[in-house]
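Please look over the sequence and the model before reading my notes.

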Amino acid sequence: MKKYIFELEMKVRDYECDLQGVVNNSNYQRYMEHTRHEYLESLGENFGAMHDRGLDAFVARVDIRFKTSLHSGDRFLSCLNLWKEGPRIVFEQDIYRLPQRTLAASGRIEIVVVQNGKLTRGEYFDNLLA
């Protein structure tokens, strides 16, 4: 398993599974989003406070590759790394089934930051990550 700057352990809930008994694909995106929110909180920031200051982070693109299905009750580790590409903040996010650390899903999520309605160059994250 590669190195990550943030990891969050979670557990699959029954209602997140579909008729086949596996986690519905849309829930992997929710897991990744929750991980980004928790990462931001670990830095002392949150999206509500950002919005109150006129800053909004929007998902511009999502690419998720599904590898192995998670099932009800599975524990998993949601991990992330990030970097900037121009005005975009790119999150590399992987989800591993525990305890084996089997890769379940791998994603690339691109975020842009808008300040008072105008696209920024992502300076907000430069300052936050410094």
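This is a predicted model: local features need pLDDT of at least 70, side-chain atom pairs count only at pLDDT 80 or more; totals for chains, interfaces and linings use all residues.

1. Residues are numbered from 1 along each chain as its sequence is written, and side-chain values use heavy atoms, without hydrogens and water.

2. Helix α1 covers residues 25-42; helices here are DSSP runs of H or I with at least four residues, and strands are runs of E with at least two, numbered from the N terminus. From first C-alpha to last, α1 reaches 27 Å, close to the 26 Å expected at 1.5 Å a residue (1.5 Å times one less than the number of residues). Just after α1, Gly 44 has a positive phi of about 85 degrees.

3. Buried residues of α1 include Tyr 28, Tyr 31 and Arg 36 (buried: under 20% relative accessible area, 1.4 Å probe, protein chains only).

4. A nonpolar core is a set of buried Ala, Val, Leu, Ile, Met, Phe, Trp, Tyr and Cys residues joined through side-chain atoms within 4.5 Å. The largest one has 28 residues, and Tyr 28, Tyr 31, Leu 70, Phe 91 and Ile 95 have the most contacts inside it. Among the elements that each supply at least two of its residues are α1, β4 (88-97) and α3 (123-129). A second, separate core of 5 residues includes Tyr 4, Leu 77, Cys 79 and Leu 98.

5. The model has 0 disulfides (pairs of cysteine sulfur atoms within 2.5 Å). For Cys 17, the nearest cysteine sulfur is that of Cys 79, 20 Å away. Cys 79 is buried, with a relative accessible area of 0%.

Terms used:
Buried means under 20% relative accessible area, exposed over 50%, partly exposed in between (1.4 Å probe, protein chains only).
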